[in-house]
Amino acid sequence: MVLVNTDYISGKELEMLGLVKGSTIQSKHIGKDITQGFKTLVGGELKAYNDMMNEARELATNRMVQEAEHLGADAIVNIRYASSAIMQGAAEVISYGTAVRFK
């Protein structure tokens, strides 16, 4: 499966199959939430939240790819990501793009 954030793939003619998406809502346990809260007092990277968001993007991408495979796609073009806070310590990540088949 080819994944790109452009609306084309060089040298390929594409047949559009439709929108595909994947999403997840992730949170960290209360212990990590508290330690990350203390980290905001001194500054620096919030590694536990960074890890959480990376895991969420990977899971959302995998779900999007599964949806594209179900349609018989060879690639997903024009991939985008969005995230939003659901509550303190929890975030939703969605990935979406256009599933395509090579002609």
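Reader: Which residue in β4 stands opposite methionine 16?

Author: This is a predicted model, in which local features need pLDDT of at least 70 and side-chain atom pairs count only at pLDDT 80 or more, while totals for chains, interfaces and linings use all residues. Residues are numbered from 1 along each chain as its sequence is written, and side-chain values use heavy atoms, with hydrogens and water left out. Strands are DSSP runs of E with at least two residues, helices runs of H or I with at least four, both numbered from the N terminus. The residue in β4 that stands opposite methionine 16 is valine 100.

Reader: How many bridges join β2 to strand β4?

Author: Two strands pair if DSSP finds at least two bridges between them. The open sheet of four strands is ordered β1-β3-β4-β2, with mixed pairing, and β2 (14–27) is one of its edge strands, pairing on one side only. Strand β4 (residues 90–102) runs antiparallel to β2, and the bridges that join them number 13.

Reader: Is threonine 61 buried or exposed?

Author: Threonine 61 lies in helix α2. Beyond its neighbours within four places in sequence, threonine 61 is in contact (heavy atoms within 4.5 Å) with Leu3, Tyr81 and Ser95. Buried means under 20% relative accessible area, exposed over 50% and partly exposed in between, with a 1.4 Å probe and protein chains only. Because its relative accessible area is 11%, threonine 61 is buried.
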